[in-house]
Amino acid sequence: MSRRFRMSTALDVDDLLMECVPYAIKLANEKYKFDPPLTIYEVDRWGKLGTRADVIFEFFDDPEFFKNQPVIEGAKEFVRKLSKMTEVFICTSIVPKFMGIRAQRIMDEFPEIPAEHIYMGSRKDKLNVDILFDDGMHNVFRSNAAYPILMRRPWNQSATGMLAVNNYDEFLKLVEVITTSYTRFEDESERPNVVTLVGPSGSGKTDIAKLLLERCESFEKLVSYTTKDPTTTNINDWYNYVSKKRFFDMMEKGQLFESTMYAGHGYGSKREDVERIISGGKIVLAAMDICGAMSLKTNFSNVVTVYIKRDKRDLLSSILNKKCSNEDKVNRIISIDDEKRNEEICDFVIENTDPSAAADKILDLLGLNN
């Protein structure tokens, strides 16, 4: 009997399984007594920033730092669950003089991972695995894995379009979607609780969502929260504007069941808003990136994801005509090819050559077109 094929997953270590930046910040605050204390949100991109946050790099040359790195809460249980779903490998970038310490810590803390599955080095683009899970934006961009997935952290907030998650549960849900390749939502006998439209910038998902609201009284839109200045966008009624300080405060307090950064702007949604709509007998309608969609899949039942597909020329034309900065437009254009991977893991794919026809097609698929 042949052995059943199992997918393979490569995991990063720093800030994925073990605290790195938060631990360095803790040590820096203890040593230098910063007032106000240094926070993780000051490390908004990787590398030296020319700010007081640069002090964390001094700890990365101390063997005691790597001997004592705390294991992230939930990491051990996460690895145990993932090991039942895929083969698990470690690929960690660490200087040679600390490789022995790192290997021993991994073997001690994560015995489910065989020692021969531990790889060390910075060339993660050479890995031949199905899934890569990393908080390093550069590693995800360059990866040859079929599904490179980013763990959202403050230093990768400029990442746009790629598969990304906020926590272990969302990643496990995404792996479940990838490995089972299902094309319908959980309970086909019931109407969906949530419908979320996914697609690259310029795909027309917001226009289609507006048509769905007009044509079907069963829907109620999910109003999310964003740090993007409402005067720079034409979809104000889909978002409540909040400052970055308030947005991060909402994240810290657990008020957002999902949050993501798109083109440098924060977006998030409250669980209570979703629950209110469902309890009122309506279907939640949302237009989100794949990160938000997977959060909905993780937190609620009967969630349908619809990928809005559009010709690349039309995407580019739409992006270029948007009321936003050139930098924002560049980020959106760069993300187009990365977003195409998301088509494979959505429940439905709708071609948008005409928004009206696309909206009718979605209603037909969901059995809501009376």
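A salt bridge is a side-chain nitrogen of Lys or Arg within 4 Å of a carboxyl oxygen of Asp or Glu. The exercises below use a predicted model.

**Exercise 1. Find which residues are linked with Lys124 in a network of salt bridges, and state whether Lys124 is buried or exposed.**

Step 1. Lys124 sits in the loop between strand E3 (118-120) and strand E4 (131-134).

Step 2. Check its cover. Buried means under 20% relative accessible area. Lys124 has 2% relative accessibility, so it counts as buried.

Step 3. Look at the polar contacts of its side chain. One goes to the side chain of Asp12, at 3.0 Å. Another, of 2.6 Å, joins Lys124 to the side chain of Asp134.

Step 4. Name the network. Salt bridges link Asp12, Lys124 and Asp134.

Step 5. Leaving aside neighbours within four places in sequence, the contacts of Lys124 are Asp12, Cys91, Thr92, Ser93, Asp134 and Asn139.

**Exercise 2. Work out where the buried residues of helix H3 (residues 75-85) lie around its axis, and what they pack against.**

Step 1. List the residues. Ala75, Phe78, Val79 and Leu82 are the buried residues of H3.

Step 2. Look around the axis. These residues cover an arc of only 95°, which puts them on the same side of H3.

Step 3. Find the partners. The buried residues pack against strand E1 (8-11), strand E2 (87-92), E4 and helix H6 (168-180).

**Exercise 3. Which parts of the chain does the salt bridge between Arg276 and Glu220 tie together?**

Step 1. Take the distance. The closest N and O atoms of Arg276 and Glu220 are 3.1 Å apart.

Step 2. Arg276 lies in helix H9 (residues 271-279) and Glu220 in strand E8, so the bridge ties together parts 56 residues apart in sequence.

Step 3. Arg276 is partly exposed, with 46% relative accessible area. Glu220 is partly exposed too, with 26%.

Step 4. The whole structure holds 21 salt bridges.

**Exercise 4. Sort the residues of helix H12 (residues 326-334) by face, then find the surface patch that includes Ile334.**

Step 1. List the buried residues. They are Asp328, Lys329, Asn331 and Arg332. Seen down the axis of H12, they fall within an arc of 160°, so they line one face of the helix.

Step 2. Turn to the face directed away from the buried side. It carries the exposed residues Asn326, Glu327 and Ile334.

Step 3. Follow Ile334. With Phe141 and Val330, Ile334 forms a nonpolar patch on the surface, with about 280 Å² of accessible area together.

Key: Residues numbered from 1 in each chain as written. Predicted model: local features only at pLDDT ≥ 70, side-chain atom pairs only at ≥ 80, totals over all residues. Heavy atoms only, no water. Buried < 20%, exposed > 50% of the residue type's maximum accessible area, 1.4 Å probe, protein only. Helix = DSSP H or I, 4+ residues; strand = E, 2+ residues; numbered from the N terminus. Arc of directions from axis to C-beta. Polar contact = N/O pair within 3.5 Å; in protein donor to acceptor, adjacent residues only side chain to side chain. Contact = heavy atoms within 4.5 Å. Patch = residues over 30% accessible without salt bridge, like charges linked within 9 Å, V, L, I, M, F, W, Y side chains within 5 Å. Areas by Shrake-Rupley, 256 points an atom, 1.4 Å probe, with all protein chains shown as cover.
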